[in-house]
Amino acid sequence: YSLFGGDVVCTPQREWYDYLYEKNALITYAGKKLRGQRNHVNKFLAAFPHWNFRRGTTDDLPRLREFYALFRQENQKDAPTWLEEEKKIEEVFDRFDEYSFLCGILTVDGEIVGFSLGEIVGDTLVVHTEKAHRNFPGAYPMLASRFVSEFAGNNPAVRYVNREDDSGDPG
């Protein structure tokens, strides 16, 4: 359709859509629509009973960098958006205190298996990045749920979660 008297045309591009949720939907994965995610979380809980989620701090940066270096080795891609994201994550690590992003870390038996970075903007928790090892099935939905619970669950000002887009990347 056309906006501004025909000067601007908006064409939806599915690969750039944002994923916007009500926060409680991601905390509980309740309902039919999110049952797949809920099932993945239940499998994670059954397979990895010694898990933990906590807020990340500057003290965690060496272990986060180690985790991310391994993640990058296991998930190498040449897509420009992927390469740019790699640079931005390293930039956030380099300027961790300056950016003041919210950081959540998921561990199993003390080993980092995933992390998320985000911020609260108005009534929305924006998840800028989420990385997890795929050899821990269910780690991604578990990480998402715990991140939202930790940083937005008890905050009545936050109503939504924007998990941003997948840039058309099927992986």
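Me: Is Tyr 29 buried or exposed, and what is its relative accessibility?

Reply: Tyr 29 counts as buried because its relative accessibility is 3%. Buried means under 20% relative accessible area, exposed over 50%, and partly exposed in between (1.4 Å probe, protein chains only). Keep in mind that this is a predicted model: local features need pLDDT of at least 70, side-chain atom pairs count only at pLDDT 80 or more, and totals for chains, interfaces and linings use all residues. Residues are numbered from 1 along each chain as its sequence is written, and side-chain values use heavy atoms, with hydrogens and water left out.

Me: Where does Tyr 29 sit, and what is its phi?

Reply: Most residues other than glycine have a negative phi. Tyr 29 has a positive one, near 55 degrees, and lies in the loop between α1 (23–28) and α2. Helices (H or I, at least four residues) and strands (E, at least two) are DSSP runs, numbered from the N terminus.

Me: Which loop holds Asp 109, and is Asp 109 buried or exposed?

Reply: Asp 109 belongs to the loop between β5 (102–108) and β6 (111–121). Its phi is positive too, near 50 degrees. Asp 109 is exposed, because its relative accessible area is 62%.

Me: How many helices and strands does the protein chain have?

Reply: There are six helices and eight strands. Reading from the N terminus, you get β-β-β-α-α-β-α-α-α-β-β-β-α-β. Of the 171 residues in the chain, 36% are buried.

Me: How do I read the way two helices pack, say α3 and α4?

Reply: Look at the angle and the distance between axes. Axes are lines fitted to C-alpha atoms, for helices over the stretch in contact, and angles run from 0 to 180 degrees between N-to-C directions. Angles under 35 degrees count as roughly parallel, over 145 as roughly antiparallel, 65 to 115 as roughly perpendicular and the rest as oblique. Here α3 (residues 61–74) and α4 (residues 80–94) pack at about 170 degrees, with axes 11 Å apart, so the two are roughly antiparallel. The residues of this contact split into seven nonpolar, no polar and six charged. For those classes, Ala, Val, Leu, Ile, Met, Phe, Trp, Tyr, Cys and Pro count as nonpolar, Asp, Glu, Lys and Arg as charged, and the others, Gly among them, as polar.

Me: At what angle do α2 and α6 pack?

Reply: Helix α2 (residues 35–47) and helix α6 (residues 139–152) pack at about 100 degrees, their axes 8 Å apart. That angle is why α2 is roughly perpendicular to α6. From α2 come Gln 37, His 40, Val 41, Phe 44 and Leu 45, and from α6 come Ala 139, Pro 141 and Met 142. Six of the residues in this contact are nonpolar, two polar and none charged.

Me: Which strand holds Thr 129, and what does Thr 129 touch?

Reply: Contact means heavy atoms within 4.5 Å. Thr 129 is in strand β7 (residues 124–132) and is buried, with a relative accessible area of 5%. Not counting residues up to four places away in sequence, Thr 129 touches Glu 85, Ile 89, Phe 115, Ser 116 and Leu 117. Its side chain also makes a polar contact with the side chain of Glu 85 (3.0 Å). A polar contact is a pair of N or O atoms within 3.5 Å; within protein, one must be able to donate a hydrogen and the other to accept it, and residues adjacent in sequence count only if both atoms are side-chain atoms.
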